[in-house]
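User: I would like a close look at one part of this model, with the terms spelled out as you go.

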Amino acid sequence: MTRAATKARVERAIGIAAVALAVLAPFLFTAFWLDAILTQALIFGIAAASLIFLSAYGGMISLAQVALLGISGYMLGNMVTARVPGGETKGLTLGWDPTLAIVLAILITTVVGLVFGALASRSVGIYFLMLTLVYSVIANVFFGSVTQFGGFSPIAGVNSYTPGFVGDMVNDRQRLYYIALIVAALVYVLVRFVLRTPFGLVLQGVRDEPVRMASLGFNVPLHRMLAFGLGAFIASLAGILFVWWQGQIAPGDLGLPATIYLLVIAVIGGLTRVEGAWLGALAVLLIDNQVTNRIPSDGLPLIGGSFNTIIGAVFLVIVIVSPDGLLGIWERLWSVGRHDGGSDDEPERAQSQVIESQEGALGTS
Amino acid sequence: MPLSRLAPRLLVGAFVLFGILYVLVISTPSTGVGGNWRTTNFGSALDDPASFVRVLLDGITFAGLLFIVASGFSLIFGLMRVVNMAHGSFYLLAGYIAYEVQQEMSGQGYAIPGTDVNTWEWVLPMLVAAVLVALFGLVVQQALLSWNQGQDLRQALITIAVSVIVADQIIAHFPRHVFAGAARGGGNAVSLTWPGWTNRLVDLHVWGVQYSLARLCMLAIGVAVGVGLWLWLYRTRTGMVIRAGVDDRQMTTALGINIQRTFAIAFVVGSALAAVGAVVGGSQANISQGQDGQWLLNALVVVIIGGMGSLLGAAAGSLLYALVFSYSASYLPVVGDGCCTQYSVVSTFILLALVLAFRPQGLFGRAG
């Protein structure tokens, strides 16, 4: 048996074990762990999956995914919450039907994603990164300053308004966990499916050889734009789950620190494969949870600072040592001792090292 | 020209024309439908020319500050293809360092009256901040960026990591001079103080406009930085090497020039410019946590509009961005009792969209 086949078999076994563990998780972990770590990891994982989908298969590292998540959350919050007599609720407080609001929030976010994508479709590599960062900051400032949509303070109590088939998202957190798990699984299947469609194949061609694909007659900017729209769709799902999980949405949820947090998740998981999204989310949240409790109230010993200094340092080390994150280390373990580089391994080699392979990106723009 | 190419141009032209007409003629200070909003704080340029000139000056002087910060960012990118995502963090760090130095020198405590600061007490904090931040930039460049030349995304991620750490450390340690009894740190807002002699209004003899001398100084410093950079890049040997490096790095290296040394110099100068910008910006407004992201955005928008690595582009981008920002903040409809519109960030996005739709490489950027 070839090494690649063994690897595929091992990965499949790990995958099945992980899914089984995830399904049984409510019976294995405490309510706090389930809600604070696992549900959150699933939701951030979905958002990170949209980032990794764009980077691994479209060659575009987008920093706008948190902004899109936030737009979706804000749209939902503005549409479902109702004006409570006596109580002050921020935003438009339209009080629409929750099912309609969810559909509209997803639709609006996807359209915004397509517009963003159309503008960015002719930028590649580092330019794309900068432009999407600008999108993200603009979205943050927009929701922070426009009082009609909520302004500086959060829109609260969004998860009290859910459709009947979703159920009680305020108290039934186990139900929320399973919904997040199902959506995460669907997103994973969707990404894997799209990659096998003609669109997905062309997208990967555009990632590797934009000039050649263009001369073969493919519309390169159009494929980039559509991929960005799909990424926005996935991010909008994460946005809705996020609001249900947190109950409220505030400008800070789509700020620069949040943007970088998601990037850290994606990079630590690995920017080359979509599985890395949930791996990275789980790893970062575990570090976050374990470390934050242990930091003294007056800051870290010697240097001072909080959790962010640690996660920044971890991020720095990961980018320096293994730019492909934890999955990069996994891939490397399997290629240890290989000198001849058998042909069965070639496609994977071409896929790995997204960050390093961007070297020539400027020249091909 | 075919209609498909002409139509968007006409559309943009009409849009820009409407914007100009709106500011010049159409806008009125009257209350709009519903009574809860006004079109502007004051009338159109015809109604109220003094306000129009004041907003123009606000834009131009802000452009001076933008240029100082963005030219440093653009210099580093143009030469090394390094997008320094920590540029905003350098700005913030420099602002706090300068604040501490000024507090030490004037010894007044938290808030210094403008009259108590002489020119030296403003220039020395700037020099100290510039030197320290330039050294920090050099360390970052040598330790983290010099060995992975050419991997631009990896370098951007590394500088993002640096910015996360620096932002957190700033919150942990700055400001150190605080009100008696208050805790140190927290990244609270502090401001630097302009020298006392700038604290007055200048009569411009145009529609009776009186304008702040400090803001005019801001513009003067921006222009001085621009002229200095131009002389350096176009009249010295180092500048020649930098321009050669921007055009063709491999060829420059092949000629036996030590490009690594030039990279280090450019990074030092770029970081120092962030520091100069921080002192100017911190004197005009304030320094507080969160501004690192804001100034990174400002630098990004300026260079995306103007074109990467072009001095002229940075100047044009600063001016365009600052004017659009300034006019939209003053002339877009205002809701409620607020002084300013909430929608000026939308105009930033529209400006960006318009420029990118026609010139993805920016106004003065070279394709490819």
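Predicted model: local features only at pLDDT ≥ 70, side-chain atom pairs only at ≥ 80, totals over all residues.

How many residues of chain A are in contact with how many residues of chain B?

Analyst: Residues are numbered from 1 along each chain as its sequence is written, and chains are lettered from A and ligands numbered from 1 in the order in which they are written.

Between the two chains, 43 residues of chain A are in contact with 36 residues of chain B, where contact requires that the C-beta atoms of two residues, placed from the backbone, lie within 7 Å. On the side of chain A that touches chain B, two or more residues each come from helix 5 (125–145), helix 10 (256–269), helix 12 (307–321) and helix 15 (354–357) of chain A; helices (H or I, at least four residues) and strands (E, at least two) are DSSP runs, numbered from the N terminus. Helix 5 of chain A gives the largest share of that side, 12 residues. By class, the side comprises 26 nonpolar, 14 polar and 3 charged residues, with Ala, Val, Leu, Ile, Met, Phe, Trp, Tyr, Cys and Pro taken as nonpolar, Asp, Glu, Lys and Arg as charged, and the others, Gly among them, as polar.

As for chain A itself, its secondary structure comes to 15 helices and 0 strands, and of its contacts with a separation of 6 or more, 78% are between residues 24 or more positions apart.

Within chain A, the axes of helix 7 (residues 198–208) and helix 9 (residues 220–246) come within 10 Å and cross at roughly 115 degrees; axes are lines fitted to C-alpha atoms, for helices over the stretch in contact, and angles run from 0 to 180 degrees between N-to-C directions. Val202(A), Leu203(A) and Val206(A) of helix 7 make this contact with Val220(A), His223(A), Arg224(A) and Ala227(A) of helix 9, a set that divides into 5 nonpolar, 1 polar and 1 charged.

In chain B, helix 10 (residues 291–306) and helix 11 (residues 311–331) pack at an angle of about 115 degrees, with their axes 7 Å apart. Residues including Val301(B) and Gly306(B) in helix 10 of chain B meet residues of helix 11 of chain B, among them Gly313(B) and Tyr321(B), and the residues of this contact divide into 8 nonpolar, 4 polar and no charged.
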